[in-house]
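Trainee: Can we go through this model together? I'd like to take it one topic at a time.

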Amino acid sequence: MTGLPPTPAERAIRRRIARHGPITFAEFMAAALYAPGGYYTRTTAGVDYYTSPQVHPAFGALLAVQLFHLWTLLERPRPCNVVELGAGDGRLCRDILTATRYLPDGFGDAVNYTVVDRRAAPGWEQGMSNSSRAVADALSPDSDNAAVPAPAHCVLSNELLDALPVHRVRMEDGRLRELYVGLGPDVADGYEGALVEVSRDPSTPALQRRLCDVGVALSDGQTAEICLLLDAWVKATAARLESGFALTIDYGRPASDLYDPAQRPHGTLVTYRAHRQTDAPFQDVGRQDITAQVDFTSVESAGRHAGLIAIGNMPQGWLLQRLGLQTIRRNGPPAGSDVSGWQILPAGPEGLPPDALPDNVASDSDDGRAWLTGLTHLARPGGLGDFRALLQAKGVADGSAALALSWLDGAPADHGYTPSSLASLIPPEALRLTPA
Ligand SMILES: C[S@@+](CC[C@H](N)C(=O)[O-])C[C@H]1O[C@@H](n2cnc3c(N)ncnc32)[C@H](O)[C@@H]1O
């Protein structure tokens, strides 16, 4: 507890419960994150955790390499409409567009990049000549159809799905119950009581249906999160594509693993404030992020129903290594980097090995170390490297879809490049750390 007064979001939640009774956790999470005064309406949203674009610009640069390849498989549309959903502060857009300028065949000029976020605040995408921001709900493309070019050739997202509101359920005496949010008995002045968990019958049969669909039976006493909005996201993404790809990066697991009672008896819901992870969603409501791991089995199966065929689901570390992470590392950091103000991430047991500094980085260079540590973190097992990257295709010939990932084996594609030969075209100057 911070002892700070309740945020407007928390007050509104309490008023609503006091008037109408307990609300589902999904309603609570939507209000705590996105209603007026909620976490994502704050100008400081996003400073409480690290996402890959915040950790190192090589993340975007390497995704640009993959996008170049997908563009050629789609026969090089001009413009090539890239739509990034839940783009936050726009860093990924900035990093991808910066890298595309160094890629061949006029790819940089072809890309037309739109970031979509509920957040109105313009970010790093500002000032990039071929980008724009649409302030819209990414789950309802109708709300942005004037602002987002259609059809999209690639729909991208990084850590959007883990930010979608989830329902919480628990198996009690063989019955599936839903965990609602209510007010405790200590209501003092109408709505200032403590927020508490209330177990009731599920608000919708869709919760039980989802567990059946993924072949999961919860054990007695097990708590789990279910994100019903995944279906809306899948439909919206499929609707944006005619012939193209969806690349979705997030932390999550197949359902059999996510709902494993031995590994995750209490579910995966966590909260972040000032880089501290807790599991106390009723504290600091509106001042902390709330998130849960993504059920990739449901994303893939909902995708199939919507015409999105999964062509690969791999760890982020594996993908980035294959796309040329080592090439970028060998090329080293930009000369004269000033990373003062850049928070150097702890190296950790799997972090920067002692011999990790390339020849062109002086061993006493903090800047070089910060740059390399960030780069290493992108692929670190047990951290960002374990995030999943799901590539889906819609309306793409089977042969082309198969080639979308097979080039990661390192053989040159028809366009004549391997991933690392493309990565080597991106100079260190394009990979400068830029603190917030
Ligand atoms: C965890 S942040 C990730 C930001 C960014 N992609 C990154 O990697 O740094 C989640 C972002 O998704 C946005 N978001 C959540 N739900 C959304 C929705 N339905 N439509 C559009 N944006 C959404 C939030 O505003 C926030 O900026």
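Trainee: What is the mean pLDDT of the protein chain?

Mentor: This is a predicted model, and the mean pLDDT of the protein chain is 90. In the chain, 90% of residues reach 70 or more. Over residues 341–358, though, the pLDDT is below 50. That stretch still has 32 contacts in the model, beyond near neighbours in sequence.

Trainee: OK, domains. Which residues make up domain 1 and domain 2?

Mentor: The domain assignment gives domain 1 as 8–37 + 167–226 + 252–292, and domain 2 as 52–163 + 233–251 + 308–431. Five residues from domain 1 and six residues from domain 2 take part in the contact between them. On the domain 1 side, three of the residues are nonpolar, two are polar and none is charged.

Trainee: What distance separates the centres of the two domains?

Mentor: The centres of domain 1 and domain 2 are 32 Å apart, taken over C-alpha atoms.

Trainee: Next, the core. How many residues does the largest nonpolar core have?

Mentor: The largest nonpolar core has 114 residues, and Ala-32 and Leu-62 have the most contacts inside it. Helix H4 (residues 58–73) gives the most to this core, with 12 residues. Domain 1 and domain 2 each supply at least three residues to the core.

Trainee: And what does Leu-62 touch?

Mentor: Leaving out residues up to four places away in sequence, Leu-62 touches Leu-320, Leu-323, Gly-324, Leu-325 and Ala-423.

Trainee: What about Ser-298, buried or exposed?

Mentor: Ser-298 is found in helix H10 (residues 296–305). Ser-298 has 22 other C-beta atoms within 10 Å, so it is buried; the cut-off for that is 20 or more. Not counting residues up to four places away in sequence, Ser-298 touches Arg-210, Val-214, Leu-230 and Ala-255.

Trainee: How far is Ser-298 from Cys-227?

Mentor: They are 71 residues apart in sequence, and 9.2 Å apart in space, C-alpha to C-alpha.

Trainee: Last one: which residues come nearest to the ligand?

Mentor: There are 19 residues around the ligand, and Thr-51, Gly-86, Gly-88, Ala-138 and Asn-158 come nearest. Helix H3 (52–55) and strand E3 (111–117) are the elements that give two or more residues to the shell. By class, the shell has nine nonpolar, five polar and five charged residues.

Key: Residues numbered from 1 in each chain as written. Predicted model: local features only at pLDDT ≥ 70, side-chain atom pairs only at ≥ 80, totals over all residues. Near = placed C-beta within 6 Å. Helix = DSSP H or I, 4+ residues; strand = E, 2+ residues; numbered from the N terminus. Nonpolar A, V, L, I, M, F, W, Y, C, P; charged D, E, K, R; others polar. Domains from an automatic or database assignment. Contact = placed C-beta atoms within 7 Å. Buried ≥ 20, exposed ≤ 12 C-beta atoms within 10 Å, placed from the backbone. pLDDT = per-residue confidence, 0-100. Core = buried A, V, L, I, M, F, W, Y, C linked by C-beta atoms within 7 Å.
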